[in-house]
Amino acid sequence: MWTPGLKSDPLVGRRAEQRRVGELIGAAGAGRGVALVLTGEAGIGKSALLEYALREASGLEVVRSAGSEFEQELPFAALHQLCVPILRHLPELSGRHRAALQVAFGLGDGTPDLFHIGLAVLELMAVAAQDRPLLCLVDDVQWVDAASLTVLAFLARRMGADRISMIFAVRTPAVPSELGTVESLAVARLSDEDARELLARRSPLVLDERVRDSLVAEARGNPLALVELPRAGGFLLPATPSTPTRIEEIFQSRLRALPPGARLLLIVASADPTGDPGLLWPAAQQLGLDVTRAAAEAAGSGLAEFDARIRFCHPLARSAVYRAAAVEERRAAHAALAEIVDPVVAPDRRVWHRAQASSGPDDDVAADLERCASRAQARGGVAAAAAFLERSVALTMDPALRVERTLASVQATLDAGGADPAADLLATVDVAALDGYQRARVDVLGGRIAFTRHGDGTGPMLMVSAARRLATLDVQRSRDCFLDGIEMALSVGRARGVIDEVLAAARIDAPPVASPDILDVLIMLGAQGPRGAVPLLAGLPGDDDPWWASRPALATMIAAEFWDFDTHAAIADRLEKSGRESGSPALLRLGLGQKACEAVLVGDVSRAITAIAEEEAIADAVGDSPLMYPRLLLAAWRGRRTEALALFRSATEAEAGRAGGQVTNLTWTSATLHNGLGNYPAALDAARKVVDDELFHVGGALLELIEAATRCGEPALAARALASLTDHTRAGGTPSALGVAASARALVTGVEDHYREALGHLGESPLKPYRGRAHLLYGEWLRRQGRRRDSVQHLRTAHDLLSTSGAEGFARRAAGELRAAGEKVNRPSEQTPGTLTAQEIAVAGLVAAGATSPEVAVQLFISKRTVDAHLRNIFRKLGVTSRRQLKDQRFTLG
């Protein structure tokens, strides 16, 4: 960025920062993509460091972008600015990625996904970097539009082995959460010694020592303040709140000193963030300005440079000029720009200028803004859509239209992650004047806002309220709202009470349908238990349109209740397939999480680790935390106490303020861990919490409760739990369900036929760890009956099954029993010569399954070059030389 008086040597006192920037530039050249976020207050020197990077990047191609305070509403504006110099490589991209960028940049029609755009930009940059390493500089990130920021943050986490480095500059305290995982470097205030040196070099005046010391003290180590304060001819007052504020005041004083024409020209320039002379000069002429004279006077102030691009000396100068303008001056500037902006090339920018020029309600402009919002949503700009709609509401005169646009604005604001602003907007709606549909929409929006807030349990019942209002207006939407309420109750918690309330309301108020659906199953499950629900479940659609397709989360819980492993596996398969086909990170992560759980339960630890690693890699790509439950389940079954307890603590902290399905999963999994370790009191305590507090997730926890209760001398509790488990498993009727129930019954009764019945059913079940547990329980019982030879046979089988299925905690229990019976037990050998990172495991697993490097790159949201770099590390760590050899490997996390 051009800064008067700082061109020759702006980096006094910045040796450490220069060194780190130089390292990033070197990393790009060496194929080690790195990203860095420079943070600090306005004027502290972030932009100067970007200029330093530009000068040092000889041999690299440099692309630049900067956020604009007045262009945050336009989706992909900053990203387009960054990519323009390398769009020459667009024809070299895959068709899907080329189309995604064309839509994002307004060159084509469609509805792109943000992460497809991220992948497309990553491919574009990787292709460009084949010629020369690429350095991306992004200034004023605090003003980058939301869509661009999402993609840029994605890129920062995906550099990998590409010859690309990125440096962001962002003003504190506005560092966006999207960049929270990227390395940051705080640009500190200058020391007094460095401040004196900079002042001596840059001051236009000869200063005596006392004046110089006063300026150093007042500038507080801010380089821009050190340069500007002497020019202002004044000093900071004690009550001045901050250095940036004082600098803005200095810029505004320069503006006030200008003739009216130059002043108005700068105001027009501040209202147009593009810096395009082709817009500024005609707009100035529209306002009757003598352009040549006004430009010369404005440039003489040092506030802006008028060249091939109009550039302010600092972002603070632009904002200072805009804020200093009178309301009428800003409106005049926007009106002039609106007349000049091409409505075909930049329709959204033109409408935005028209909106800013409006002094009161204007239904035509409001309608145009609504159309802008639709275009923004189609391009993935939900934040822009929210801004357009909010301004549209302010300009709408018609009351009915204003209500509709307000509700649409609330939805868009919520979609953009602004729960609090959405709530404020919703509060402006006069509900007394609404019809039934609108009142229902208000309830739905209120419920979704509540759902985003930790500790707010009102969401489920707000969905019930909406469902009741819709019962006579729209039957299907009403029933969907009841289902939304149930899902919210399971997620946000409030445990059994709220779920029961929602189900009781649905039982009374849900409008009937011709054929039973999943809502009817849930109502019956809550009212009559498993035996009442299963007949309805059996009548739901299957085959090409399975009943669970529209509500996979609820369906997974129902399948778990009835130990219906086949349905659970089918849901996991479909979710994963749909995620891969659609490219949706959220759907694919959900599918991979379920596939990992399925793999744990069938005893395929390697497949579970691979699915978990792939989910983690995608979570990292989208800047989210990985799914916790699959990792917990794996650690619990493996008997990794330290690892599991650390995960339990992290998950519990993450769920602070919630008390729902996730906490239930934690306690159920905790019970499994402690039973495997033989800590039966801890297992009993965890399992009891699940059964006492939750309607769903009871089925899986009951077996853990029964085993722990029998070991802790609580036969009555075990018997009650057995009766409930029997209801669940008989209703399901699968071999897995019947085998688990028989195994639990054997624990309670001590009848040998029940142990044998369990082994018979579980012999037909894919749940290998549970089959191993059944042999373990039978072997333990036989040894206590004094039948050593028979016990050893079953204990040896249990040990083999449990060891090979990764159930290490239970395997250690079997080993202990064998030793107690006088048998020798060999320790399992390490299966893998090296350990891999999570992303290496994900790459190895996909390659072992036959995926090519480009296919792996798409699935993990990384570049092909990064995939190949990972493969080289994998081959080295595992001691293999070909992709084919990976199929025989079992991976362990490093």
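This is a predicted model: local features need pLDDT of at least 70, side-chain atom pairs count only at pLDDT 80 or more; totals for chains, interfaces and linings use all residues.
Residues are numbered from 1 along each chain as its sequence is written, and side-chain values use heavy atoms, leaving out hydrogens and water.

**Sheet**
- Five strands make an open parallel sheet in the order 2-3-4-1-5; strands are DSSP E runs of at least two residues, helices H or I runs of at least four, both numbered from the N terminus, and two strands pair if DSSP finds at least two bridges between them.
- Strand 2 (61-66) and strand 5 (184-186) sit at the edges, each pairing on one side only.

**Salt bridges**
- The structure has 51 of them, counted when a side-chain nitrogen of Lys or Arg is within 4 Å of a carboxyl oxygen of Asp or Glu.
- Arginine 813 bridges to glutamate 707, with the closest N and O atoms 2.9 Å apart.
- Arginine 813 is in helix 41 (residues 808-820) and glutamate 707 in helix 35 (residues 698-711), so the pair ties together parts 106 residues apart in sequence.
- Glutamate 707 is buried at 1% relative accessible area; buried means under 20%, exposed over 50%, partly exposed in between (1.4 Å probe, protein chains only).
- Arginine 813 is also buried, at 10% relative accessibility.
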